[in-house]
Amino acid sequence: MDNESGMEEKFIQNGVLLKKANASYISALNAEGILTFGKCTKTNLHVFEWKPETCEITDSESLESGWSLVDPISRQPSPQQPVQPATIATSTIVERATSEEPPAGITPKTKLTIRVFLRDLRGLETHKDELRFYNHDHTVHSVYLFRQTSTSVLLQLLERFRCVRKSTHRKNFYRCIDDPDQDKLQKSFSELNIADIRARPRPRPYMDMLSKLANVQQILPIHRPASQSTIPSELRLSNLNASIEVDSSNEHPDGGQTTTSVTANGVSETVTNTKKLAPRSPVHRGLPLDAGTWEDVKCPNGSISDPERVKEIIFRGGIKPDIRAEVWKYLLGLDVWEHTTQQREERRAHKTQEYFQMKFQWLSITPTQEHNFTGYRERKCQIEKDVKRTDRTYEFFAGDDNPNLAKLQDILMTYVMYNFDLGYVQGMSDLLAPILSLVQNEAESFWCFVGFMHKVFANFDIDQKGMKQQLENLRVLLAFVNERLFNYMRENQSENMYFCFRWLLVWFKREFSNSDIMQLWEVLWTGLPCPNFHLFVCVAILDQEMDVFIDGQFSFTEILKHVNELSGNLNLVAVLEQAESIYLQVKQTLEESSKEQYHELRKIIGEQLANSDGGTTGNTDEDEDDDDSCMSIVNERSPEEKEILQRKLDEACDLSLSYMFF
């Protein structure tokens, strides 16, 4: 799309802060603006442009993704002045051609704009969320802070367009490359001018020999059987000539090759030799775990005899509502499968005491402490806001002064004390609400919530590293399973999968009804058939919507809007059946492939990444080695130290109670 400054836009991001620039732009420092990357329509050169946020933009509906997209309707192309290649230039935009005088009383509209051509830069460097432009003399040209997204999105796009190449000697540095002819490598062969390419003079000894051999029949009388093809030799030679000169092979992201060739009639054909997928076998859901089967697996002492069989039944059909609360406590780690009835009761009593001990900690914080504790105060404020709007349409949380809302808030506040490093992040209340509505006991709901958070802990990393990795895994999986849909999304700059952000963050909580989400979660908590089965659920939904995307020629904005509108309109049984079918297809394909291929896919399905508890985000040994050494001191308290600590705690509680009454 061409904008008013004569640029064919390929990337645009709002909320980009100008941190450093030429002294001429000191008034714009620390101002938010729009950073655009595209191609100048007059010079055919790639260019960056930053200007304050005065352009008309439309925010996406996903709060999590933070994307802002250009409104293609409201923008109209207009004449502009010729652009001179300069390191930084102030762009003056007028509504008429430069050869005409503006009407009387109308002054040209001037906007403060930083524009730099890619070829005038030596390279780009990333530092956290900053993007630095460097001149050819190694000085800093300008620095930008990405406040709503990561710089990796832009750099991936630049690498895909072959505008930058990552340095092998300097970490996070990308050398700029700008060749006007480079875009021909990015287009499909149907868009190329094949005659123009073939007209370029170059030695062709192999083709010259073939041409001479093709004329042998004019010298020697060669008689062919009538059954052979009667295609003229000129056409056959033309076919061979076109295919040899234009054939190209590109490495597939996961180890295959894509070959593009041009036929005699000038039509390009793309053949992907990436893999041969196994057939997708139909899958049908089974019966849920009922009270009779649950009693059958209980031993006389109260322990569960065959937890793996129980998980298999739950994966196939879920759990009957009448025993769901009891079974969830096992799936989420409050109860232990091997514990007897007595051990289970003792564990619950201990956990209940521990919960109320942590709850007392935040309840006893004085107003002065809260005033001086910014982190605590901000988390408390956010929890109070989110609780008021969590699942209020359901009867359990409906109405004003609902005591269940107070329970929801108390559990989230106690989790802040349980894990202050993470604290509270928006979305956690969505995960807790179904658990509390089912279990209802406050302390037991808390520990079930802790077990759930252990499985999705990385979703709430402050740097979103866990979410980015899951989106990348989803991209790899979709490219392998449904190449047609993935290619369409790549052509429409949607292969980053950001429209699936909400699905992954709260495990489809807002896409299904309360009863459906309970069934989906218990299926995922089993860890079957692989730790990342929730990614296959994503692929199954996208697979079902493929025709809608492609036939409707949806852009990124339209895909995002359609995905949000799927909320409440998905058939859980159909999604789970298709997700399992896709998993079995991938599993069989990998089993029939060499062990040296598809390493990323094998990690995704858990072949190389074992996880004993079936979660998706458990700590690895490497992470445990990096733990703070203070944790070892806490974990290695002697019985005497524990006794002293408990005595001090009891004394503090007694004193605090005595001051309340005297």
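# Close-up views of a predicted model

**View 1. Helix α12 and its buried residues.** In α12, the buried residues are Asn-404, Leu-405, Leu-408, Asp-410, Ile-411, Leu-412, Met-413, Thr-414, Tyr-415 and Val-416. Keep in mind, as you look around, that this is a predicted model. Helix α12 runs over residues 403-418, which makes 16 residues. From its first C-alpha to its last it reaches 23 Å, close to the 22 Å expected at 1.5 Å a residue. What covers the buried residues of this helix? The cover includes four other helices: α9 (341-363), α11 (374-387), α13 (428-439) and α14 (442-456). Here is a handy rule for following any such helix: an α-helix has 3.6 residues a turn, so residues three or four places apart point the same way.

**View 2. The start of helix α12.** Now move to the start of α12 and find Asn-402. A side-chain oxygen of Asn-402 reaches to within 2.9 Å of the backbone nitrogen of Asn-404. You have met Asn-404 already, among the buried residues of α12.

View 3. Lys-359 and Asp-410 meet through their side chains in a salt bridge, at 3.2 Å from N to O. Where do the two partners sit?

View 4. The salt bridge of Arg-348 with Asp-335 has its closest N and O atoms 2.5 Å apart. Because Arg-348 lies in helix α9 and Asp-335 in the loop between α8 and α9, the pair ties together parts that are 13 residues apart in sequence. Asp-335 has a relative accessibility of 2%, so Asp-335 counts as buried. Arg-348, at 21%, counts as partly exposed. Look around the pair and you will find a network of salt bridges that links Lys-329, Asp-335, Arg-348 and Glu-444. The structure as a whole holds 29 salt bridges.

View 5. Glu-326 has a relative accessible area of 28% and is partly exposed. Lys-298, at 24% relative accessibility, also counts as partly exposed.

**View 6. Gln-470 and its neighbours.** Gln-470 has its place in helix α15 (residues 465-481). Its relative accessibility is 7%, so Gln-470 counts as buried. Which residues does Gln-470 touch, leaving out those up to four places away in sequence? They are Asn-459, Leu-504, His-534 and Leu-535. With His-534, the side chain of Gln-470 makes a polar contact of 2.8 Å.

**View 7. Two cysteines.** Cys-448 has a relative accessibility of 0%, so Cys-448 counts as buried. Cys-299 is partly exposed, with a relative accessible area of 27%. How many disulfides are there? The count comes to 0 disulfides. As a reminder, a disulfide is a covalent bond between the sulfur atoms of two cysteines.

Notes:
Residues numbered from 1 in each chain as written. Predicted model: local features only at pLDDT ≥ 70, side-chain atom pairs only at ≥ 80, totals over all residues. Heavy atoms only, no water. Helix = DSSP H or I, 4+ residues; strand = E, 2+ residues; numbered from the N terminus. Buried < 20%, exposed > 50% of the residue type's maximum accessible area, 1.4 Å probe, protein only. Polar contact = N/O pair within 3.5 Å; in protein donor to acceptor, adjacent residues only side chain to side chain. Contact = heavy atoms within 4.5 Å. Expected span 1.5 Å × (residues − 1). Disulfide = S-S within 2.5 Å. Salt bridge = Lys/Arg side-chain N within 4 Å of Asp/Glu carboxyl O.
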